[in-house]
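Hi,

Here is the model I promised to pass on.

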Amino acid sequence: MVNERRPDDMVRITTPELADAYIAERIEALKKQIGDRKVLLALSGGVDSSVVAAMLIKAVGDQLVCVHVNHGLLRKGEPEQVIEVFRNQMKANLIYVDATDRFLDKLAGVTDPEKKRMIIGGEFIEVFAEEAKKLSGIEFLAQGTIWPDILESEAGIKAHHNAGGLPEDLRFELVEPVRILFKDEVRVVGERLGLPANMVYRQPFPGPGLGVRCPGAITRDRLEAVRESDAILREEFAKNGLEGKVWQYFTVVPDFKSTGVRDGKRTFDWPCIIRAINTTDVMEVTVEHLSDELIDHLVKRIITEVPGINRVLFDYTPKPPATVEYE
Ligand code: XMP
């Protein structure tokens, strides 16, 4: 249904039963809309596109073609999880494109945050369009648009960028099976579709990925330090019962070095900043206060396990005045 709107009296999907009913109804509608034709989906591995993929696999099987573009700025293990869950477990028709070098070469030396975002967004569309052009007989484009996207674009808060940017010859009919759902409803539906909990309940992750957590010009070695320290932080939050409880947590490795000492020798390495925040609307944000024990443990692991890091700093600044991300 094009331009579908959430009915005013729609019951919030909070239970498995309500989710199952929604899924059954959508699958019928998708089968009717798509018939025996083909659908294309950019599958990032985020909650919304993953739920759309799982739903379409149930509805039209291998008439769905998923394209996962790895821009080199994903978190540790993410592309592997997309391949494992969708190609190996759900038997999806998945095209995996490792475009890391393309993105990082384009980003080399670029320091301006907005320019970095534009390059990442623009390159993403180009890679996706290239893959789409190699395919034949595609008539639909599936998107993980959700109801807040529609409300925010109508209110002029955020340009709803999901649809935008594809070249003229690649404008397909849209399929938006979670368009009328709020995020919490998408998660319940995702669980009932069999997606792993760590995929469905994962923290928000910006489109430009680790690129905005490697401030200034991105270099491969500093990006790896961000990725490795982020993986340690996520592992420790999961072990300490903070996963799913804290809104967002991540590491940043800024582009400056300070002196240190290791094995009796002077070092000149980066600091790693840890940020963990709570919020309901992301307009105002408070800081999650970590226990001394966890702080000590995180410091120890990061300085011993992550090459290039000789200090760990904690950012305890609320928003405002500090934004969540560093750029
Ligand atoms: P800020 O830094 O503006 O972040 O306080 C608020 C929320 O938005 C996320 N964020 C982004 N998400 N593309 C995205 O998809 C972006 O360019 C972007 N910048 C920030 C951020 O992670 C936080 O959840």
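Below are some notes on the ligand surroundings and on one stretch of strand, helix and strand.

Two bits of housekeeping. This is a predicted model, so local features need pLDDT of at least 70 and side-chain atom pairs count only at pLDDT 80 or more, while totals for chains, interfaces and linings use all residues. Residues are numbered from 1 along each chain as its sequence is written.

Ligand first. The residues around the ligand include Arg 117, Gln 248, Lys 319 and Glu 325, where being near means a C-beta atom, placed from the backbone, within 6 Å of the molecule. That shell splits into 5 nonpolar, 3 polar and 3 charged residues. Here Ala, Val, Leu, Ile, Met, Phe, Trp, Tyr, Cys and Pro count as nonpolar, Asp, Glu, Lys and Arg as charged, and the others, Gly among them, as polar.

E1 pairs in parallel with E4 (residues 138–142) over 4 bridges; pairing takes at least two DSSP bridges. Lys 38 has Ile 138 in E4 as its bridge partner.

Helix H2 (residues 47–60) belongs with E1 and E2 to a β-α-β unit that is right-handed (clockwise from the first strand over the helix to the second, with the strands pointing away from the viewer). Of the 14 residues in H2, 13 are buried. Just after H2, Gly 61 has a positive phi of about 55 degrees.

Cheers

Notes. Helix = DSSP H or I, 4+ residues; strand = E, 2+ residues; numbered from the N terminus. Buried ≥ 20, exposed ≤ 12 C-beta atoms within 10 Å, placed from the backbone.
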